[in-house]
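Let's take a walk through the place where two protein chains meet. Have the picture open while you read.

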Protein chains: 2
Amino acid sequence: MSEPDWNDIRIFLALFRGRSVRRAAENLDMSHSTVSRHLTDLETSLGAVLFTRSRDGLLATDMAERILAKAEAVENDMIDLTRTAVSLDSVMSGPVRVTCPPLLSQIMIMPMIAEFTKRYPDIEVSVHSSYSFEDLMRGTADIALRSQFDPNDNLVGRRLPDFTDYTYASKDYIGDHWFEGDATNANWLGRGGSDAHNKWIKQTPFPNASVRHDFPDMMDQAQAAAAGMGMTVLPCYYGDQLPNLVRVPGTQPVSKRPIWALTHPDLRTSVRIKTFLRFLVTEISKQEAQITGELGVDT
Amino acid sequence: MSEPDWNDIRIFLALFRGRSVRRAAENLDMSHSTVSRHLTDLETSLGAVLFTRSRDGLLATDMAERILAKAEAVENDMIDLTRTAVSLDSVMSGPVRVTCPPLLSQIMIMPMIAEFTKRYPDIEVSVHSSYSFEDLMRGTADIALRSQFDPNDNLVGRRLPDFTDYTYASKDYIGDHWFEGDATNANWLGRGGSDAHNKWIKQTPFPNASVRHDFPDMMDQAQAAAAGMGMTVLPCYYGDQLPNLVRVPGTQPVSKRPIWALTHPDLRTSVRIKTFLRFLVTEISKQEAQITGELGVDT
DNA sequence: AAGTCGTGGTCGATATTTGCACCATATCCC
DNA sequence: GGGATATGGTGCAAATATCGACCACGACTT
């Protein structure tokens with residue numbers, strides 16, 4: 001009696017074409033049990049039996065035959081609808097200017113932008129590495145990825161998964177400097193520059209280890225660590241994917257940094273900006289496990 | 001880009017017509033939050049912005065306007081489909097013969113059959129009160145409702161919610177015979193007939209209470225109890241709905257009896273039988289709370 | 001006759017979705 | 001200015017749907 005679930009029409013079509021619950025389930029990429037349950041749902045809501053279950057698969061009833069044409073009409077209209085949507089959205093054109101911290105842009109954001117421009121070829125995306133909010137406030141950028149968010153700044157934003165940092169070193173380095181689970185004579189790689197006194201080491205698992213070398217750029221530092229020159233702290237979505245680096249055994253996350261995708265309130269209504277922002281958030285959320293470091297090391 | 005959820009088209013239409021998330025939600029009988037979430041889902045899966053959220057409700061974008069026609073086409077096809085299903089299924093005709101215990105048929109099953117025949121006017125339903133399986137085995141009945149099920153009998157069936165029995169008496173009777181939560185001088189109503197020695201009383205909360213009168217028919221007994229002549233045990237789906245009866249305070253369920261809807265394996269493929277069986281199971285499941293006595297007394 | 005493969009159906013642990021109670025905001029009205 | 005009443009959005013507990021491992025049955029093969 002209740003209205004039929006429109007999704008069940010897809011299932012009906014798959015059942016009709018597959019002539020078996022299991023084949024239909026495979027085509028629909030579901031388990032055969034949920035397909036079976038949806039079939040009974042549809043049958044009860046229509047008040048009619050669509051298939052008689054027999055020894056080798058399903059046999060369509062008269063009712064199923066008659067409904068088929070209507071179901072295919074629904075399907076065609078849906079195909080039509082999605083096609084107009086995806087074809088028309090390429091009308092969207094114009095610039096989208098993103099600003100984000102350097103490492104983030106190189107490692108994570110660029111592939112996403114590549115995907116985005118493939119889908120919306122007439123949108124011109126530009127990326128500018130920076131840590132400040134000025135771009136956004138001054139109107140030289142539309143979207144900013146930042147790890148600080150002060151609501152007073154009159155910006156709107158969505159919070160993304162927290163970026164987690166771990167301690168990394170090369171496998172060989174750990175083999176040479178670890179003895180029964182303890183570090184012996186291990187060293188950090190210096191970050192130089194503004195943090196010349198290396199205060200950050202105080203918050204690590206090895207606050208008394210010595211500091212050697214000086215690599216302000218984080219990617220340089222990662223390469224140095226991979227080459228066995230010492231320990232370093234990296235976002236795990238980056239460190240985990242580098243082949244020669246491993247998390248230093250027995251250590252916990254060094255820090256968790258919140259990340260926001262921010263934009264100016266005036267731009268919230270822009271279809272172009274909104275589309276990009278939504279795309280970005282979806283893509284980043286897909287990699288939540290990598291970002292928060294939930295999973296162990298996988299190669 | 002994942003395929004759009006077909007149900008989201010209904011939501012899109014409701015949104016377009018309601019011009020606000022909350023109004024659409026009301027028409028769809030959902031909460032505004034899930035409508036909002038589904039809108040975002042649809043927009044991301046289409047890769048397009050359908051509405052700009054503004055101060056007073058939603059404003060349809062160009063894209064929404066263009067998609068509207070297609071969405072309405074889908075809707076019309078769906079309406080068409082359900083209409084053919086509902087009109088064609090009245091082609092189903094022939095007899096369905098049900099057998100079930102007397103009380104069940106009168107109190108619970110008859111209204112359902114009335115509903116069923118309204119929906120399928122050409123199906124002739126006949127009900128025969130009986131406790132035995134013979135009808136089913138001999139082929140004089142198609143469907144049996146029974147509280148015993150021996151798989152050896154070569155029958156197929158579905159289990160329904162357990163029927164729960166409670167102890168009932170009239171409000172006045174309890175007022176007269178109860179003192180600080182204890183029964184004083186209360187009596188059972190005799191069932192007579194085969195159970196002349198009233199062994200069933202042993203399993204009740206008042207095994208030593210006296211027995212008066214003699215009413216073999218359960219509906220007579222219920223009426224006698226409602227008139228204040230004593231206590232009796234009734235299925236709670238029946239006792240709870242009688243205006244003058246209440247569950248005797250402080251008592252637990254006296255018994256729980258499983259119920260099966262059974263049919264002969266040969267009949268399983270019959271569209272007519274299957275439709276009826278499915279209808280019955282759905283309707284009875286709706287009243288699960290009343291049958292198992294989960295809820296307190298409501299009038 | 002026994003084993004294997006395919007069919008649909010069933011049940012319980014797990015994921016996902018939903019609804020609810022909030023929040024921030026904007027408009028209108030007094 | 002200060003409610004009062006709209007709007008859409010969000011975090012969390014509860015309801016719901018999903019999966020996957022089973023079962024029973026029938027049709028083949030061995």
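Predicted model: local features only at pLDDT ≥ 70, side-chain atom pairs only at ≥ 80, totals over all residues.

Start with how the two copies are arranged. If you rotate chain B by 180 degrees, with 0.1 Å of shift along the axis, it superposes on chain A with an RMSD of 0.2 Å. The two copies are therefore related as by a two-fold rotation axis. They also use the same surface: 98% of the contact residues of chain B turn up again in chain A.

Now for the contact itself. Chain A puts in 45 residues, and chain B puts in 45 residues. How much area is buried between chain B and chain A? It's about 4,300 Å², and carbon and sulfur atoms give 69% of that. On the chain B side, the residues that lose the most area to chain A are B:Trp6, B:Leu81 and B:Arg278, which together make up 19% of what that side buries.

Next, look for the polar links. Between chain B and chain A there are 16 residue pairs in polar contact. The interface also has six salt bridges. To see a salt bridge for yourself, find the side chains of A:Glu3 and B:Arg10, where N and O are 2.5 Å apart.

Which parts of chain B do the touching? The biggest giver is α4(B), with 17 residues. Sorted by class, that side of chain B has 20 nonpolar, 11 polar and 14 charged residues.

Note on methods: Residues numbered from 1 in each chain as written. Chains lettered and ligands numbered in written order. Heavy atoms only, no water. Contact = heavy atoms within 4.5 Å. Buried area = accessible area lost by both parts, 1.4 Å probe. Salt bridge = Lys/Arg side-chain N within 4 Å of Asp/Glu carboxyl O. Polar contact = N/O pair within 3.5 Å; in protein donor to acceptor, adjacent residues only side chain to side chain. Helix = DSSP H or I, 4+ residues; strand = E, 2+ residues; numbered from the N terminus. Nonpolar A, V, L, I, M, F, W, Y, C, P; charged D, E, K, R; others polar. Least-squares fit on C-alpha atoms with pLDDT ≥ 70 in both.
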